Amino acid sequence: MKDQLCGTADACKAIIDHSGYQDDFRERDIRRLTTIVAADLAAYSRLIAEDEEGVISRLHVVWSKVVSPLVRDAGGRVIKTMGDGFLAEFPSPIEAARCALAIQETMAAQEAERAERNQLRFRIGLHLGDVVAVGDDIFGDAVNVAARLEAISPVGGLCMSRAMRDQVKGRIDADLNSVGEVSVKNLPDPIEAWVVGDGVIQPGQETEVTPAVVVLPFDEIGAEDSFFADGIVDEITSALSSVSDILVIARQSAFIFKGRVAEIREVGRELGARYVVTGSIRRVGSRIRISVQLSSAKSGANLWSQRYDDDLDDLFELQDRVASQVAGAISPSIRASEIADARAVAPKDRKAYELYMSAFPHFWKHRREENERAIELLSLAIARDGDNIRAKALRAWAYAQQATYMWNETPLLSRKNAQADAEVAMLSVDDHAPSLVAIAAALGMTGLDHDRAGQLLERALSLDPNSAWGWMRLGWNNVYRKDIAAGLAAFDRAEALSPRDPFFFNFQFGRAYAMGLAENYDEAIRLVKLGLTAGPGVTWAYRDLASFCANAGRKIEADDAAASLMQSYPGLTIKRVVDSMPPATHARHQMFIDGLRQAGVPED
């Protein structure tokens with residue numbers, strides 16, 4: 001028929017090419033209506049961290065003995081597996097639903113003898129929609145819908161769209177329960193969903209929270225062996241393992257990629273990691289260059305990179321130093337990435353973890369209104385998950401800042417709130433180093449029990465020796481106790497670990513206060529000014545500047561600093577300063593309050 005209409009096949013092809021219709025024909029050829037099944041293993045990151053080899057071995061059995069045969073027998077095909085899940089398609093929605101139920105029933109029976117915490121259980125989403133096929137893969141909004149349904153599915157159950165439900169209603173041996181319209185991430189319109197199983201993960205409900213990172217074997221260039229590269233990777237893996245906010249994939253699992261060229265996203269899918277660390281080492285004589293990168297396994301984007309040039313004089317000292325610096329830089333880079341992901345979700349849809357992460361940028365901006373916003377977000381996180389100790393600990397620190405930096409008219413109430421949150425969080429904090437630091441900060445800034453605060457900080461730093469915030473708060477805690485040398489050493493350690501830290505200006509203020517206690521007022525003034533440059537708008541520091549200038553006899557500068565302070569805090573009195581600042585400033589450091597009096601701050 002084509003030849004009759006166009007004259008010849010070649011002529012017909014030419015007409016199609018020049019008329020612009022060829023792409024349309026190709027698009028129609030690769031589009032099809034299909035049933036998509038998306039499955040994900042619940043709590044995979046935790047399971048793999050606790051028993052990596054065992055979980056991977058069990059998953060091999062699941063793929064070969066459960067998923068593949070059941071999908072094949074139902075007339076479907078597995079499009080791909082992703083370490084902790086799979087994507088499949090079926091010509092029949094009924095067969096797809098029956099297959100998904102069979103997988104869940106088989107998994108439940110197979111895992112029944114294990115403790116519930118250790119069971120391998122899927123969440124499964126099903127959707128009927130139009131897809132674009134490219135080779136053996138499929139793409140399109142329909143695939144995204146199935147994935148979003150999987151994310152809100154009950155563990156061990158199914159979650160399906162209305163299109164699926166309309167096809168299978170009354171034709172499968174399962175009760176379908178409506179959960180109404182559900183708003184899900186990155187889709188503009190709510191999805192009308194039905195579930196099989198108990199409960200549904202609603203937006204805002206806590207699920208897996210800890211990001212997983214894997215350190216891949218480094219390439220070593222210019223050496224016959226790779227013992228140095230392997231040693232560096234071991235040290236970095238070990239250093240990252242001490243960071244409470246990160247799950248680290250074991251070294252032996254990462255080793256399967258040694259000598260293999262693999263795309264970052266493939267590594268993430270295969271090992272269940274959100275972040276991937278790669279690197280290379282080049283040796284020329286006694287000189288060595290180490291390059292390290294952190295990438296997102298979700299997007300493949302490079303998040304952080306650094307190069308280290310050194311001599312091979314002391315092999316083990318070099319390995320330790322590089323590992324410490326890398327771990328200290330990677331941890332905040334991962335935190336920044338998690339914050340960015342959390343802020344991409346509308347506040348009303350954020351989980352408790354996402355609300356907790358969203359609070360950090362507000363917390364460290366050191367502005368009254370920003371700190372109040374951090375408290376609001378943390379309070380929402382606690383309302384959605386009353387056992388969220390991380391949010392409670394960080395809110396304690398935020399309340400302590402609210403008091404210490406004179407950000408409200410009721411500093412004693414803020415101090416009381418900080419202590420209440422800190423005491424509750426301390427009961428269940430366990431070994432979460434950032435929360436230990438936050439609790440210690442709250443206690444140190446609002447009370448005189450610096451021995452207890454010091455114990456919490458030592459515990460935090462034994463868990464995560466690369467915590468810049470831990471070293472910063474240890475510095476302040478030592479200064480409160482008048483241990484000036486230990487305080488200065490701790491601030492130096494914090495800066496070495498995080499030279500671009502959001503709290504960098506506070507490192508300088510801590511050093512300044514230590515110098516003030518040592519009556520080296522000129523150096524204290526210099527450091528406060530450096531801190532004000534690093535943190536413009538941190539107006540509460542003018543009280544430090546005014547006090548130190550007055551104590552140094554630099555009256556004109558003291559008057560200027562006091563004027564800036566009173567302009568930012570109209571009606572400020574010594575009483576309000578005493579009610580606001582850490583009690584050590586008036587109980588142990590009388591020179592500070594005396595300096596403010598000399599600078600002209602009124603008593604009442």
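Let's start inside a sheet: V213 has Y275 of β12 as its bridge partner. The structure is a predicted model, in which local features need pLDDT of at least 70 and side-chain atom pairs count only at pLDDT 80 or more, while totals for chains, interfaces and linings use all residues. Residues are numbered from 1 along each chain as its sequence is written, and side-chain values use heavy atoms, with hydrogens and water left out.

**The chain as a whole**

The protein chain holds 27 helices and 14 strands; these are DSSP runs numbered from the N terminus, with helices being H or I of at least four residues and strands being E of at least two. Of its 604 residues, 53% are buried. Here buried means under 20% relative accessible area, exposed means over 50%, and partly exposed lies in between, using a 1.4 Å probe and protein chains only. The chain exposes about 26,400 Å², of which carbon and sulfur atoms supply 49%; the areas come from the Shrake-Rupley method with a 1.4 Å probe, and for residues only the protein chains shown count as cover. Among contacts in the chain with a separation of 6 or more, 65% are between residues 24 or more positions apart, where contact means heavy atoms within 4.5 Å.

| Partner of β12 | Sense | Bridges |
|---|---|---|
| β9 (residues 212-215) | parallel | three |
| β10 (residues 219-221) | parallel | three |
| β13 (residues 287-296) | antiparallel | ten |

E220 stands opposite I281 in β12, and V277 has L294 of β13 as its bridge partner. β12 and β13 form a hairpin with two residues between them, and G285 in the turn has a positive phi of about 65°.

Y275 lies in β12 and is buried, with a relative accessible area of 2%. Which residues does Y275 touch, leaving aside its neighbours within four places in sequence? The contacts are P211, A212, V213, V214, L294, S295, S296, A297, L303, I334, S337 and E338.

**Helix α14 and its cover**

Helix α14 (residues 368-384) has 17 residues and reaches 25 Å from its first C-alpha to its last, close to the 24 Å expected at 1.5 Å a residue; that expected span is 1.5 Å times one less than the number of residues. The buried residues of α14 are E370, N371, A374, I375, L377, L378, A381 and I382. They cover an arc of only 165° around the axis, which puts them on the same side of α14; the arc is that of the directions from the helix axis to the C-beta atoms. The face turned away from this buried side carries the exposed residues E369 and A383. What covers the buried residues of α14 includes α13 (352-363) and α15 (389-404).

F360 lies in helix α13 and is buried at a relative accessible area of 5%. F360 and L378 are 18 residues apart in sequence and 9.5 Å apart in space, C-alpha to C-alpha. Beyond its neighbours within four places in sequence, F360 is in contact with R335, I339, L394 and W469.

**Aromatic pairs**

A search of the whole structure finds 24 aromatic pairs. Rings of Phe, Tyr and Trp (its six-membered ring) pair if their centres lie within 6.5 Å; planes under 30 degrees apart count as stacked, over 60 as edge-to-face and the rest as tilted. F360 and W364 form a tilted pair, at 6.1 Å centre to centre and 45° between the planes. Both F360 and W364 are buried. They belong to one aromatic cluster formed by Y356, F360, F363, W364, W397, W469 and F503.

How are the rings of F504 and F507 arranged? Their centres are 5.9 Å apart and their planes at 70°, so the pair is edge-to-face. F504 and F507 both lie in helix α21 (residues 504-517), three residues apart, about one turn of the helix. F507 is buried, with a relative accessible area of 0%.

How values were computed:
Two strands pair if DSSP finds at least two bridges between them.
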